[in-house]
Amino acid sequence: MIIHVHPGGTDAAAVLADSLGRPLSSDEGLTSDAGGSVVAHWKQLDWYTDEERIWTTPEWAQHLADPLLQHPFAAGPDGSRRAIFHLSVRLHPLDRNLSPAEWSEIAHRLARTAGLAPPGDDPAACRWIAIQEQAFRMDLIGNLIRSDGAWASTPGRLAQAVEGEARRIESDLLLYNHRPPAGEKQAGFAAPSPPFAPPAASALAGILNQLAAEQNSPLATVRQLIEQLSREAAALPAHETAAAGRDLFWAARRLHGVQDQLGQIAARLAPASSVLAPHPVPGPVPVTPGAVTR
């Protein structure tokens with residue numbers, strides 16, 4: 001993913017128009033329902049919306065700008081009133097398409113990292129939404145003035161903080177990491193092992209490799225079923241099912257992590273050359289152009 005933190009501003013309408021790639025119109029509405037352009041938002045949004053009415057794009061912009069009017073004396077540490085926060089996320093050309101549940105998870109994690117949605121501070125947190133309207137791009141738009149009139153506590157080195165979180169998201173979602181952190185070892189490679197291992201260790205490593213197999217293993221079957229249920233839940237038109245879809249998705253990710261850990265244990269027990277089993281020791285999952293990964 002390629003992350004860009006835009007300069008702060010005061011015009012939410014201009015930022016939303018840039019995110020949509022077209023001018024705002026009172027004839028166009030945006031929805032946070034399944035399949036809508038608003039893939040994630042602050043938790044208190046439901047207090048302002050009406051399920052029987054779709055907000056127009058200017059109304060979404062006004063909702064994001066309102067704290068500037070409600071708290072006319074709120075200002076940042078430097079005295080600035082440029083409270084409109086804008087962060088854009090673009091997929092790398094080698095990345096796969098992401099599901100709405102995956103975009104939603106990315107938005108929530110970046111909003112938390114940027115200080116818009118601090119853990120345990122929901123009632124007074126900042127207003128923010130995530131728009132996924134343009135192909136391979138998502139925009140996070142928020143207001144740094146919190147609901148209680150205080151200025152959001154953003155990281156001192158905001159760009160570095162969100163960039164670091166982006167790298168962790170890439171690892172979690174098995175996306176292409178075009179800029180790995182300097183000096184950081186790639187995950188999935190085991191420490192050097194002795195050239196030969198006892199036969200018992202080799203047999204145990206072979207069993208672990210079979211459990212860690214990406215496609216044909218009991219754990220892989222369970223993981224693939226959970227992933228399928230995640231996609232089905234995320235496609236249902238309800239906030240509860242969307243949340244369940246995200247939870248199921250991350251359950252599948254954790255199960256994949258267990259498989260990866262089993263492969264690393266097998267590599268420590270016996271190197272690939274000494275394991276008398278047809279399965280190779282799993283390494284990092286490659287991401288190739290056009291490939292659809294788990």
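**Close-up views of a predicted model**

**View 1. Asp 27 lies in the loop between α1 and β2.** Helices (H or I, at least four residues) and strands (E, at least two) are DSSP runs, numbered from the N terminus. This is a predicted model, in which local features need pLDDT of at least 70 and side-chain atom pairs count only at pLDDT 80 or more, whereas totals for chains, interfaces and linings use all residues. Residues are numbered from 1 along each chain as its sequence is written, and side-chain values use heavy atoms, with hydrogens and water left out. Asp 27 counts as exposed at 75% relative accessibility; here buried means under 20% relative accessible area, exposed means over 50%, and partly exposed lies in between (1.4 Å probe, protein chains only). Although Asp 27 and Thr 57 are 30 residues apart along the chain, their C-alpha atoms are separated by 8.3 Å.

**View 2. The whole protein holds seven helices and five strands.** Followed along the sequence, these elements give the pattern β-α-β-α-β-α-β-β-α-α-α-α. Of the 294 residues of the protein, 44% count as buried.

**View 3. Asp 33, Asp 46, Asp 50, Glu 51 and Glu 52 form a negative surface patch.** A patch is made of residues with over 30% relative accessible area and no salt bridge, with like charges joined within 9 Å and nonpolar side chains (Val, Leu, Ile, Met, Phe, Trp, Tyr) joined within 5 Å. Lys and Arg count as positive and Asp and Glu as negative, while His and the chain ends are not counted; the place of a charge is taken as NZ of Lys, CZ of Arg, CG of Asp or CD of Glu. The accessible areas come from the Shrake-Rupley method with a 1.4 Å probe, and for residues only the protein chains shown count as cover.

**View 4. Helix α3 (residues 100–114) is mostly covered, with 12 of its 15 residues buried.** The buried residues of α3 include Trp 103, Ile 106, Leu 110 and the charged residues Glu 102, Glu 105 and Arg 109. From its first C-alpha to its last, α3 reaches 21 Å, close to the 21 Å expected at 1.5 Å a residue, where the expected span is 1.5 Å times one less than the number of residues. Just after α3, Gly 115 takes a positive phi of about 90°.

**View 5. Asp 18 and Arg 137 form one of the 15 salt bridges of the structure.** The closest N and O atoms of Asp 18 and Arg 137 are 3.1 Å apart, a salt bridge being a side-chain nitrogen of Lys or Arg within 4 Å of a carboxyl oxygen of Asp or Glu. With Asp 18 in helix α1 (residues 12–20) and Arg 137 in strand β5 (residues 137–143), the pair ties together parts that are 119 residues apart in sequence. Asp 18 is partly exposed at 37% relative accessibility, whereas Arg 137 is buried at 6%.

**View 6. A salt bridge joins the side chains of Arg 168 and Glu 165 at 3.0 Å, N to O.** Both residues belong to helix α4 (residues 158–173), where Arg 168 and Glu 165 are three residues apart, about one turn of the helix. Arg 168 is partly exposed at 46% relative accessibility, while Glu 165 is buried, with a relative accessible area of 9%.

**View 7. Arg 253 and Glu 227 meet through their side chains in a salt bridge of 2.3 Å, N to O.** This pair links distant parts of the chain, since Arg 253 lies in helix α7 (residues 239–269) and Glu 227 in helix α6 (residues 218–235), 26 residues apart. Arg 253 is buried at 8% relative accessibility, and Glu 227 is buried as well, with a relative accessible area of 8%. Elsewhere, salt bridges that share partners join Arg 109, Glu 165, Arg 168 and Asp 172 into one network.

**View 8. Phe 136, a residue other than glycine, has a positive phi near 60°.** Phe 136 lies in the loop between β4 (128–131) and β5, and at 43% relative accessibility Phe 136 counts as partly exposed.

**View 9. Leu 174 has a positive phi of about 60° although it is not a glycine.** Leu 174 is placed in the loop between α4 and α5 (199–212), and at 13% relative accessibility Leu 174 counts as buried.
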